[in-house]
Amino acid sequence: MKNKDRYKLIQELKNTSCIKHFIAKNNKEFKKENFSEYLDRILKEKNLTKAHVIRKSGLEQSYAYHIFSGDRNPSRKKVLALAIALELDIAKTQYLLKLANVGELYIRSQWDCVILHALNKNLNVIETNQLLEELEETEFLE
């Protein structure tokens, strides 16, 4: 079953007179997975290993394993390095950022715009870092 569009949910919420009824009716619509659970689901969907993604991300290996296990709360740049290594699209990357509580990408930020471009063009972490450097922006992993 496909999830409801978020705008439809917002409209339903605006029109509801009873929040309890709204929540009960839309319980399946609420996010229930956390950051590490979402990473695990993506790994399974894409048939990837943690080791492979960590290598592609450029993150330090033991720290990255702690991220996957949920023992560490990664910075925004580390989350984005994982998203690029996982070859996520923009929507899934935004969701990953939201779950990590580190702020979604914003098109009016030049740095974020480069990352959005990299996601759209399937650039890897090294190519993305090179592009950031060319534009005199801060790199992912310095």
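Visitor: At what angle do α6 and helix α8 pack, and how far apart are their axes?
Guide: This is a predicted model, where local features need pLDDT of at least 70, side-chain atom pairs count only at pLDDT 80 or more, and totals for chains, interfaces and linings use all residues. Residues are numbered from 1 along each chain as its sequence is written, and side-chain values use heavy atoms, with hydrogens and water left out. Helix α6 (residues 76-85) packs against α8 (residues 110-120) at about 15°, and the axes are 10 Å apart. That makes α6 roughly parallel to α8.

Visitor: What do the terms mean here?
Guide: Helices are DSSP runs of H or I, at least four residues, and strands are runs of E, at least two, numbered from the N terminus. Axes are lines fitted to C-alpha atoms, for helices over the stretch in contact, and angles run from 0 to 180 degrees between N-to-C directions. Under 35 degrees is roughly parallel, over 145 roughly antiparallel, 65 to 115 roughly perpendicular, and the rest oblique.

Visitor: Which residues make the contact of α6 with α8?
Guide: From α6, Arg 76, Lys 77, Leu 80 and Ile 84; from α8, Trp 111, Asp 112, Ile 115, Ala 118 and Leu 119. Contact means heavy atoms within 4.5 Å.

Visitor: Take Ile 84. Buried or exposed?
Guide: Ile 84 counts as buried because its relative accessibility is 4%; the cut-off for buried is under 20%, with exposed over 50% and partly exposed in between (1.4 Å probe, protein chains only).

Visitor: What does Ile 84 touch?
Guide: Leaving out residues up to four places away in sequence, Ile 84 touches Ala 118, Leu 119, Leu 123, Asn 124, Val 125, Thr 128 and Phe 140.

Visitor: How many residues of α6 are buried?
Guide: Seven of its 10, so α6 is mostly covered. They are Val 79, Leu 80, Ala 81, Leu 82, Ala 83, Ile 84 and Ala 85. These buried residues pack against α3 (35-46), α4 (50-57), α5 (61-69), α7 (90-100), α8 and α9 (125-134).

Visitor: What follows α6?
Guide: Glu 87, with a positive phi near 55°.

Visitor: Switching to α3 and α7: what is the angle there?
Guide: About 150°, with the axes 9 Å apart. That makes α3 roughly antiparallel to α7. In α3, Phe 35, Tyr 38, Leu 39, Arg 41, Ile 42 and Glu 45 meet Lys 92, Tyr 95, Leu 96, Leu 99 and Ala 100 of α7. By class, eight residues of this contact are nonpolar, none polar and three charged.

Visitor: Now a loop residue. Where is Asn 26?
Guide: Asn 26 sits in the loop between α2 (19-25) and α3. Asn 26 counts as buried, because its relative accessibility is 0%. Beyond residues up to four places away in sequence, Asn 26 touches Lys 4, Leu 9 and Glu 12.

Visitor: Last, how many helices and strands does the protein have?
Guide: Nine helices and zero strands. Of the 142 residues, 33% count as buried. The C-alpha atoms fill a box of roughly 55 × 35 × 25 Å along the principal axes.

Key
Nonpolar A, V, L, I, M, F, W, Y, C, P; charged D, E, K, R; others polar.
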